[in-house]
Amino acid sequence: MPPPLSLLRPHDVSSGSLAVALYALLHHFPRTFPPPPPASPSGHSKASLMDPLEMQDDSKKSNKPKYSKFTQQELPACKPLLTPAIVISTFLLVGILFVPIGLASLSASQEIVELVHRYDTNCVPLADKVGFIQDTKTDKSCTRTLTVPKHMKNPIQIYYQIGDFYQNHRRYVKSRSDKQLRYKDAAHLTKDCEPEVYGADGAPIVPCGLVAWSLFNDTYTISVNKKAIEVNKKDIAWQSDKNKKFGSDVYPRNFQNGNLIGGAKLNESIPLSEQEDLIVWMRTAALPTFRKLYGRIETDIMENDQLTVVIQNNYNTYSFGGSKALVLSTTSWIGGKNNFIGVAYLTVGGFCLFLALFFVVLYMIKPRTLGDPSFLSWNRCTLDYPN
């Protein structure tokens with residue numbers, strides 16, 4: 001038996017007796033290490049066979065992610081094989097469909113007769129335009145004579161066009177109360193209507209806000225060959241707006257009675273759901289130059305007829321450098337005059353036909369076999385696949 005470790009002197013511990021000293025040290029103290037886990041019949045320990053998630057406590061087991069086809073990206077998916085035949089056929093189909101639609105749209109747009117006349121520069125004196133338009137005692141009527149270029153079939157839409165008016169400005173769009181417009185008992189809900197909230201007597205304005213306050217107030221009286229014709233102003237607003245956004249029991253109150261008059265006044269005996277000029281105006285435009293429907297002429301106007309329009313030039317676009325124009329237009333199955341739709345369809349369809357022809361020529365000149373390994377980058381310029 002080897003001597004105790006305490007009896008060994010330093011010079012006795014040589015390279016040969018070092019193993020003896022370590023053996024005496026290990027057997028001098030009792031074993032305190034836990035026994036290794038029992039091995040399975042296959043030779044692996046039980047701990048090595050357990051799932052790491054199963055070794056956690058029960059509180060952590062509830063967080064175990066469940067199997068899902070969505071998270072594992074195993075949902076059914078369409079993975080088309082883009083062969084030359086499929087690519088060429090797709091471009092041909094798009095081109096064949098889009099070109100006729102573009103031609104039909106462009107033809108319908110060309111048939112529309114549109115008459116646009118800007119009157120804001122001719123209906124005010126050249127000296128002080130802002131002072132003239134703000135003077136309530138001055139007669140602002142202006143007579144303009146127009147010649148109809150082509151036969152205009154009824155119904156003829158009358159629009160007013162305003163330029164450089166940013167109805168999409170964030171503060172302008174938010175300055176309204178939709179609940180006040182819809183419900184009779186919501187007249188006090190004016191927190192979003194700054195700065196047009198209360199009238200001169202301190203009562204809330206109905207409808208409040210800058211959008212309603214700036215209502216367009218120019219008027220047009222039209223005569224054809226010195227014979228007055230009626231302008232129908234009914235059903236010019238969206239039916240959904242009339243039924244769902246403006247209440248039939250909500251009447252204007254304290255409107256345009258403040259220190260600064262913005263635009264047109266409203267009849268306090270007519271509910272908001274029937275004041276269609278207001279409904280059309282409060283559907284704010286997305287672009288700074290926009291058109292809004294004023295009314296309809298339900299009689300035909302022949303070619304070269306003299307159209308006389310008496311304009312009450314009341315709306316102030318001069319303070320911000322805007323413009324005003326009167327627009328008379330017929331309609332077709334695509335709506336008003338718009339060449340962009342037809343040009344866009346023709347452009348896309350023509351481009352697709354060009355690509356289809358290009359791929360056909362390319363495939364005939366230099367065809368490629370699908371799955372040919374000679375086109376792989378690591379197989380190029382080798383002995384097996386020379387250039």
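Residues are numbered from 1 along each chain as its sequence is written, and side-chain values use heavy atoms, with hydrogens and water left out. In this predicted model, local features need pLDDT of at least 70 and side-chain atom pairs count only at pLDDT 80 or more, while totals for chains, interfaces and linings use all residues.

Helix α11 comprises 27 residues, 339-365; helices are DSSP runs of H or I of at least four residues, numbered from the N terminus. From first to last C-alpha, α11 reaches 39 Å, close to the 39 Å expected at 1.5 Å a residue, the expected span being 1.5 Å times one less than the number of residues. At the N-terminal end, α11 is capped by asparagine 338, a side-chain oxygen of which lies 3.1 Å from the backbone nitrogen of phenylalanine 340.

The buried residues of α11 are Gly342, Gly349, Cys352, Leu355 and Ala356, where buried means under 20% relative accessible area, exposed over 50% and partly exposed in between (1.4 Å probe, protein chains only). These buried residues pack against α4 (84-111). Alanine 344, also found in α11, is partly exposed, with a relative accessible area of 29%. Between alanine 344 and valine 99 the C-alpha to C-alpha distance is 9.7 Å, at a sequence separation of 245 residues.

An unreviewed UniProt entry places the feature "transmembrane region" at residues 85-108 and 343-365; such annotations may be inferred rather than shown by experiment. In the model, residues 85-108 are 100% helix and 0% strand, with end C-alpha atoms 35 Å apart. Residues 343-365 are likewise 100% helix and 0% strand, and their end C-alpha atoms lie 33 Å apart.

Methods: Helix = DSSP H or I, 4+ residues; strand = E, 2+ residues; numbered from the N terminus. Contact = heavy atoms within 4.5 Å. Polar contact = N/O pair within 3.5 Å; in protein donor to acceptor, adjacent residues only side chain to side chain.
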